[in-house]
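Hello,

Here is the structure we talked about handing over. Please have it open while you read the notes below.

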Amino acid sequence: KVEKRIKENKKSFVIYGEPQCGKTELMIHICCKLFDMGIDMIVVLMHDITALQMQNFNKRFAKEEHFGCKAMTDENFADLEDSDRHSRDGKKFLVVGRKNGRRLEALINNSRKIKNRVIIDDEADFATPNYNIQKKVKKLGDSPSPINEYVTDLVGEGFWIGVTATPAKCDLNNTLKNNTQDSIIYKSGDGYTGQDYFFPRN
């Protein structure tokens, strides 16, 4: 379904599923597929928590051997020579970053020449939605909130995939102009234990 959305040029859409149902593993599979489709750069955005970023990077993305490229943090990407970041020799980049204004601003600048990109936004309902839309002051309502603006600039001409267990805010907020009709439901496996077990309807 992700491949179909990209080929249909759906610039932004949301994937949602139950809490703890394997969405991070899903993101790894999506990265593999996107590189197979010819995407040059994938940025996986996490909460602005260093420990969470490094946990996901070291235990998940950095150990994955099927990407066809080496995963790196946004800081590692910034340390590359400009000629290496923007070379046209078929290099692929998988960057794990944080929703932090200063880090996003640097990432936008450092990746400015790479147009064929996808941003995978983990916990997309956190920080990314434009919270100024909810403000009644017209001046604020007409301008994006900081992280929303940075993420929008980072996506640029590429694609935004929001991943979350709580998609309502992304839908109601129309985050990055995603269309609810394009959302993808990630169904839990047969062995999943979630809210239906702990909080049955009866």
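Start with Asn56. Leaving aside residues up to four places away in sequence, Asn56 touches Thr24, Met46 and Phe61. Asn56 sits in helix α3, which covers residues 50-59. Its relative accessible area is 8%. The cut-off for buried is under 20%, so Asn56 counts as buried. Bear in mind that this is a predicted model.

Next, helix α2. One of the contacts of Asn56 is Thr24, and Thr24 is among the buried residues of α2.

After α2 comes Gly38, with a positive phi near 100 degrees.

Now the sheet. Seven strands make up an open sheet, and the pairing is parallel. The order is β3-β4-β2-β5-β6-β1-β7. At the edges are β3 (71-73) and β7 (184-185), each pairing on one side only.

Look also at β1 and β6. Strand β1 spans residues 12-16 and strand β6 spans residues 159-164. They pair in the parallel sense over five bridges. Ile15 has Val163 of β6 as its bridge partner.

Best wishes

Key: Residues are numbered from 1 along each chain as its sequence is written. This is a predicted model: local features need pLDDT of at least 70, side-chain atom pairs count only at pLDDT 80 or more; totals for chains, interfaces and linings use all residues. Side-chain values use heavy atoms; hydrogens and water are left out. Buried means under 20% relative accessible area, exposed over 50%, partly exposed in between (1.4 Å probe, protein chains only). Helices (H or I, at least four residues) and strands (E, at least two) are DSSP runs, numbered from the N terminus. Two strands pair if DSSP finds at least two bridges between them. Contact means heavy atoms within 4.5 Å.
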